[in-house]
Structure formats: structure tokens, C-alpha cells
Amino acid sequence: MSPEDGFCRLLQLRYQELKEENSKLRSTLSQNQAVAESQAERIRHLERTLEKSKQKEEKEARELEAMVQQVEENLQLMTKRAVKAENSVIKLKQENMHLQVQMESYKSENKALKSGHLENLTAVKQNADVALQNLLAVITRSKSSIKQLISGAEDLQLVADLLKSLDKISEIPSQGTP
């Protein structure tokens, strides 16, 4: 074997080593490219997910802002209602106090009227008693007058009956005379 053949052999061995190393490196490169492609796909997926999350967050933030605004409007409306209700309560309390004062006035007036009414009732009762006494006296006198009137009527009836009898008596002889 010649030095050239040894060198060739060495070169061939080196070539084989380099070829194997190159094959390993290509395999590693392919694996790395596959990993890189997988990671790139993963990154794209994560970017899409991130974009969706951002859009969702923005939407939720808008909705939350709208809800906060609605709550603030409701709070203002409720505050206005509460103020109005408080004013109504104050007005009703004042009206209640006025009505209580008026009721007390009416109670006093009612007592005074009842007191006056009792005095009036006493006067009316006294007047009724006097009228009753007068009526009883008139009835007593009327009974006497009615008795006299009835007696007079009976007397008049008797006189009328007598006159009829006389009339009949006087008619009988005239019928008998031709």
C-alpha cells in the first residue's frame, strides 16, 4: 500500500465520517426544522388564541363599561327617587302634623258643642215639660168641653127626635080629615 493509497483510504474514511456526520446533521436539521415548524405552528396558534383573548377582553371591557354606565344611571335615578321620596315623607309628616292639630281643634270644638248641646237639651227638656203641662191642661179642658158638646149634641138629638114626633103627630090628623 502506497502512501497515496493510505491517504486515499484516510480520505475515504474521513469522507465516510463526514458523510455520516452530514447525515446526522441533516437528520438533526430535519428534526430541528420539524420542531421549529411545530413551534411556529404553536406560536401561530398561541397568537390567534391571544388575539381572540384580546378581542374577548375588549368586548368584556366594553360590556363591563356599559354595565358600569347603566349602574351609574340607575344609581342616579334611584338617588333622584330617594330624594323625591324623602321630600314626600317630609311633606306628609308636615301634613300629618297639620291634620293632628286640626283634629285636636275639632275635638275641642266637639267637646264644646257637646257641652252646649247638653245645655240645649236641658232647655229643650224644660220647654217640653212646660208644653206637656200645657197640653195636659188643654186635654183636660178639651175633655170637659167635649163632654159638654156631646151632652149638647144628645140634647139636640132629643129635641130633633121630639120635633119629628111632633111633626108626625101633626100629620096624622090631617090625613084623617077629608
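Glutamate 104 forms a salt bridge with lysine 107. Their closest N and O atoms are 3.9 Å apart. The model is a predicted one. A salt bridge here needs a side-chain nitrogen of Lys or Arg within 4 Å of a carboxyl oxygen of Asp or Glu, so a pair at 3.9 Å counts.

Where do glutamate 104 and lysine 107 lie? Both belong to helix H1. Three residues separate them, about one turn of the helix. Now look at their cover. Glutamate 104 has a relative accessible area of 43%, so this residue is partly exposed. Lysine 107 is partly exposed too, at 45%.

How many salt bridges does the structure hold? The count is five. The next ones to visit involve arginine 44. Glutamate 41 forms a salt bridge with arginine 44. Here the closest N and O atoms are 2.8 Å apart. Glutamate 41 and arginine 44 both sit in helix H1. They are three residues apart, again about one turn of the helix.

Arginine 44 has another partner. Glutamate 37 also forms a salt bridge with arginine 44. In that pair the closest N and O atoms are 3.3 Å apart. Which residues join up into a network of salt bridges? They are Glu37, Glu41, Arg44 and Arg48.

Are the residues of this network buried or exposed? Take three of them in turn. Glutamate 37 has 48% relative accessibility, so it counts as partly exposed. Glutamate 41, at 37%, is partly exposed. Arginine 44 is partly exposed as well, at 34%.

Leave the charges and turn to a nonpolar site. Which residues form a nonpolar patch on the surface? They are Leu132, Leu135, Leu136 and Ile139. Together they have about 340 Å² of accessible area.

Pick out one member, leucine 136. This residue lies in helix H1, which covers residues 3–176. Leucine 136 has a relative accessible area of 42%, so it is partly exposed. A patch residue must have over 30% relative accessible area, so leucine 136 at 42% passes that cut-off.

Then pick out the network of Glu37, Glu41, Arg44 and Arg48. Go on to the bridge between glutamate 104 and lysine 107. End at the nonpolar patch of Leu132, Leu135, Leu136 and Ile139.

How values were computed. Residues are numbered from 1 along each chain as its sequence is written. This is a predicted model: local features need pLDDT of at least 70, side-chain atom pairs count only at pLDDT 80 or more; totals for chains, interfaces and linings use all residues. Side-chain values use heavy atoms; hydrogens and water are left out. Patches are made of residues with over 30% relative accessible area and no salt bridge: like charges are joined within 9 Å, nonpolar side chains (Val, Leu, Ile, Met, Phe, Trp, Tyr) within 5 Å. Accessible areas come from the Shrake-Rupley method with a 1.4 Å probe; for residues, only the protein chains shown count as cover. Helices (H or I, at least four residues) and strands (E, at least two) are DSSP runs, numbered from the N terminus. Buried means under 20% relative accessible area, exposed over 50%, partly exposed in between (1.4 Å probe, protein chains only).
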